[in-house]
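Thanks for coming. I will go through one structure, starting with its aromatic rings and then moving to the sheet and the helices.

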Amino acid sequence: MTDIQRHHTNARISKIVRHGGLLYLCGQTAKGSPSAASDISAQTREVLSRVDALLAEAGSDRNRLLAVTIYLRDIADFAAMNVVWEAWLAGVQAGAPARTTVEAALATEGLRVEMTVVAAAK
């Protein structure tokens, strides 16, 4: 049986779960940062920075992304979010992950984007 490792766990979530060679990151937002009240571009940059940090902590990186689900408060932000996303993926050796983007009512007012990630561990 493969062990399940959980990191940054509280009563509701774990920020990182490692199981069977995979890493699962909980939904990342700009909450608590100066960009939390900013536009979609700034919030997307903050979210991707947090994804990078969690992947690095778990010993992985964006070259090992498998799947990303992106939740947008307003689908009208899709194009602007993609500009930041594509710049972030530029030069990624493994190429783009499988991705889904949907419009969703996010839990915290003012947040425009949330992302969940599945990546391969190293």
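**Aromatic pair and its surroundings**

The structure holds 1 aromatic pair. The rings of W85 and W88 have centres 5.5 Å apart and planes at 40°, so the pair is tilted. On the terms: rings of Phe, Tyr and Trp (its six-membered ring) pair if their centres lie within 6.5 Å; planes under 30 degrees apart are stacked, over 60 edge-to-face, and the rest tilted.

This is a predicted model: local features need pLDDT of at least 70, side-chain atom pairs count only at pLDDT 80 or more, and totals for chains, interfaces and linings use all residues. Residues are numbered from 1 along each chain as its sequence is written, and side-chain values use heavy atoms, with hydrogens and water left out.

W85 and W88 both lie in helix α2, 3 residues apart, about one turn of the helix. Helices (H or I, at least four residues) and strands (E, at least two) are DSSP runs, numbered from the N terminus.

Are these two residues buried or exposed? W85 is buried at 5% relative accessible area, and W88 is buried at 9%. Buried means under 20%, exposed over 50%, partly exposed in between, with a 1.4 Å probe and protein chains only.

The charged end of R99 sits over the ring of W85, 5.1 Å from its centre. The criterion is NZ of Lys or CZ of Arg within 6 Å of the ring centre and within 35 degrees of the ring normal.

Now the sheet. 6 strands form an open, mixed sheet in the order β1-β2-β3-β6-β4-β5, where pairing takes at least two DSSP bridges between two strands. The edge strands are β1 (4-9) and β5 (98-103).
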